[in-house]
Amino acid sequence: MDLITECVSSVGDQFVAQTRNGLTLGSIYAMIALGYTLVYGVLQLINFAHSEVFMVSTFAALYALGTLFGVTQPQAGLALILILLGTLVICAATSGGVAVLLERLAYRPLRRRGAPRLSYLISAIGASLFLQYLFVLMDGQHYLLFVKLPAIAGAAPRPVPEVMATQTLFTAFGSAITNKRILVVLVAIAMLFILDRFVNQTHFGRGIRAVSQDAEAAAMMGVDIDRVIVVTFLVGGVMAGAAGLLYIIVLGAPAFWFIGFIPGIKAFTAAVLGGIGNIRGAMLGGLILGLVEAYSVPCLGTQWTSVTAFIVLVVVLMFRPTGLLGERVSR
Amino acid sequence: MTEAEKRPESQDRRPRPRKKQRAWQQHRQRLRESRIAASRRAKSALGESLAPVSKRWVGFKHWYEENGKWTKPLASLLLIGFALLLPYTGDIFDVPLWVELATSGSTLARVMLFSLFALGLNVVVGFAGLLDLGYVAFWAIGAYTAGILTGAQDYAQALTSGAENPVEPEWQMWMWLLFLVALGVAVLAGIVLGSPTLRLRGDYLAIVTLGFGEIVRITANNLDSFTGGPRGIRGIPHPAIKVGGIDIEWGTLIDIKYYWLLLAFVVLWIIAINMLDKSRIGRAWVAIREDEVAAAAMGVPVLRMKLTAFVIGACTAGVGGVVYAEQITFINPPTFSLIQSILILSAVVIGGMGSIAGSLLGAALIVVLPEIFRPLEDYRFFLFGLALVVVMIFRPQGLLPSKRRQAELMSGAEVTAMEDVEPKEGTATA
């Protein structure tokens, strides 16, 4: 009992601070989770290589900030806004491109052959390994088909230059809210809002919804399934790209070939928590997962966050076997 | 996919003159026809030249099936004999790579270890159709059971706390019971994880099992006093048989005897799984895999059958984990990360789900391929990833698919919503 009361009081002490942490991390999870959920909606496929799409974005950010814009010290004002926007576009484009390539090279050939569903999973895992170790090899000393790979990555983590100085904007109940966290949450909300509109109100969005409800009927109604799938991967990739940049900004994470693993698993958990295939479910799941992890920190310590997250997942699935909001993409 | 098929998709939104479009389509049609004709020609040419061989092969197969009563056991005996003598074949076949692989005790033992795991996971994934991504958890549970019960954990604890002359644990005869204990512990863990979660449908089960794998690994990492934490457990004794005049000791990692020990388990498991597959339980698994609702309606106890499959998979990994711990003598949490579950799963899928021979082949491939790529050092996982994708693209049903599974694939019973909506050329846009 002592332990529990101690736990509750420690969470109470840090409630606002942990809510802040949870919301920041949760909105990043939500953005990655969307990629899983969208692809699952149209293909019923767990896109295991999605964490690598996220990983690629960190290298795109490194390239954009370090080489293209030559950032050496934190910027301010208009320069900061322009650089951030430019980096966001580059990250989103790179990740989107990688996601589309992935679909073309690793999934579409399988779709054409009517492969069993587990084959997709193995293909995804293969593609994931391929991408990870491709970035390990890109250290400027390895060759691929007699072409020297550029030195943009490597086995060791590469720090990304800090583009934005951390400033405390205001203090809420004794915990500092920094400009970075505000930025992350705002960008995440904007992207999620745009995505929601995109899926619910546009031409392509209707296609995506149609395919995820009933692919066969959608094809009969004249939906070009191949194109819908490509667009889905592209949108998921763009979200993961933006999430990668935000992850770097708020956590000061380096560009690293293995960095996608943990956020990827967490985001997948979030997608399942909210009901996989359900877009709003993924957003909700991401936020809840972020908050759960954050609240578990003062009580159990950081080493148990993942365990708590998975236990919450199991408990939720026991009572709601198709996730919090159920399966379907919003109709 | 050829260049010809790719291009128009990206362009067909743009208005294009009808004539050009038609010409383009005709061009593609011609290309496709010529390709099919060429492959047909090649096949028939090959078929003719191989006719005498293939005829005899068909005759032999017929004879083999007809006299199945004694040919099949004989064939299995021959196979087992070959497997027993495999370490010595390096002396006969003087092929460089073969010598390296077939005489390396650690590689052979690893192949057998993964064969055991693949056999177990095959029951879960291939027979019962449950996607388990946390299989490594049971391996870890088996290994840690061995580590803790042999006293190696106490020894490691004493070492770190600076006790004077801690006694390194030695192998006792009762330790052979560890296999049973680990089996029991793994069965318990399987029931604990399985009974609440097996109600979940395919992909939900996947993430829950993945979570379970991570939970076990992180728990082993965090519970310092119980599992040794990140330092792991060292000094797990090698097994030995010392009864009366018999004195067999298993040596270090490269001792070929581990291969034989594991081979014995593999043979035992193959026999058991074969019997299960042909029994009522096996038929129940097939029914569940194909259509759970229909199976339940026909009176198959779905949940219990699923749990049976899950538990059989779990105890296999538990036993394998004990041998692993005794061979390596050192275990720590990073050994049991998600990538191992994924490797075992890819062995099952590459080999062909539901096929016992396939599991063995798949396990051999996932161990041997990285070994073959070893001279390429940094490239090996890169190439391994590529190989996974390529194998799946060209043999989505696996290399040695089970006959039943293959029949399902051919008849299209396996087709799910996503696969049968192959859009025809020229469908209108979204």
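This is a predicted model: local features need pLDDT of at least 70, side-chain atom pairs count only at pLDDT 80 or more; totals for chains, interfaces and linings use all residues.
Visitor: What makes a residue of chain A count as in contact with chain B?
Guide: Two residues are in contact if their C-beta atoms, placed from the backbone, lie within 7 Å. By that rule 54 residues of chain A meet 49 residues of chain B. Helices H4 (77-112), H5 (117-137), H7 (203-213), H8 (215-220), H9 (225-251), H10 (261-274) and H12 (305-319) of chain A each give at least two residues to that side. H5(A) provides the largest share, 14 residues. As for what a helix is here, helices (H or I, at least four residues) and strands (E, at least two) are DSSP runs, numbered from the N terminus.

Visitor: How do you know which residues on that side of chain A are nonpolar, polar or charged?
Guide: Ala, Val, Leu, Ile, Met, Phe, Trp, Tyr, Cys and Pro count as nonpolar, Asp, Glu, Lys and Arg as charged, and the others, Gly among them, as polar. Sorted that way, the side of chain A that touches chain B has 34 nonpolar, 12 polar and 8 charged residues.

Visitor: Why are H2(A) and H10(A) called roughly perpendicular?
Guide: Axes are lines fitted to C-alpha atoms, for helices over the stretch in contact, and angles run from 0 to 180 degrees between N-to-C directions. Angles under 35 degrees count as roughly parallel, over 145 as roughly antiparallel, 65 to 115 as roughly perpendicular and the rest as oblique. Helix H2 (residues 15-43) of chain A packs on H10(A) at about 70°, with the axes 8 Å apart, so the two are roughly perpendicular. Residues making the contact include A:Tyr29, A:Ala33 and A:Tyr36 of H2(A) and A:Pro263, A:Ala267 and A:Phe268 of H10(A). The contact divides into 10 nonpolar, 2 polar and 1 charged.

Visitor: What makes H14(B) and H16(B) roughly perpendicular?
Guide: The axes of H14 (residues 280-290) and H16 (residues 302-328) of chain B come within 10 Å and cross at roughly 110°, so this pair is roughly perpendicular too. B:Trp285 and B:Ile288 of H14(B) are among the residues in the contact, as are B:Met305 and B:Lys306 of H16(B).

Visitor: Why is A:Gln44 called partly exposed?
Guide: A residue is buried if 20 or more other C-beta atoms lie within 10 Å of its own, exposed if 12 or fewer, and partly exposed in between, with C-beta atoms placed from the backbone. A:Gln44 has 19 other C-beta atoms within 10 Å, so it is partly exposed. A:Gln44 sits in the loop between H2 and H3 (50-68) of chain A, with a positive phi of about 55° although it is not a glycine.

Visitor: Why does B:Thr329 count as partly exposed?
Guide: B:Thr329 has 18 C-beta neighbours inside 10 Å, so it counts as partly exposed. B:Thr329 is in the loop between H16 and strand S4 (330-331) of chain B, and its phi is near 65°, a positive value in a residue other than glycine.

Visitor: What makes A:Pro254 partly exposed?
Guide: The count for A:Pro254 is 14 C-beta neighbours inside 10 Å, so A:Pro254 is partly exposed. A:Pro254 is found in the loop between H9 and H10 of chain A. Leaving aside neighbours within four places in sequence, A:Pro254 is in contact with A:Pro157, A:Arg158, A:Pro159 and A:Val160.

Visitor: How do you know that S3(A) and S4(A) pair?
Guide: Two strands pair if DSSP finds at least two bridges between them. S3(A) and strand S4 (residues 175-178) of chain A have 4 bridges in the antiparallel sense. One bridge joins A:Thr168 to A:Thr178.

Visitor: What makes strand S3 of chain A hardly covered?
Guide: The count of buried residues among the 5 residues of S3(A) (168-172) is 0.

How values were computed:
Residues are numbered from 1 along each chain as its sequence is written. Chains are lettered from A and ligands numbered from 1 in the order in which they are written.
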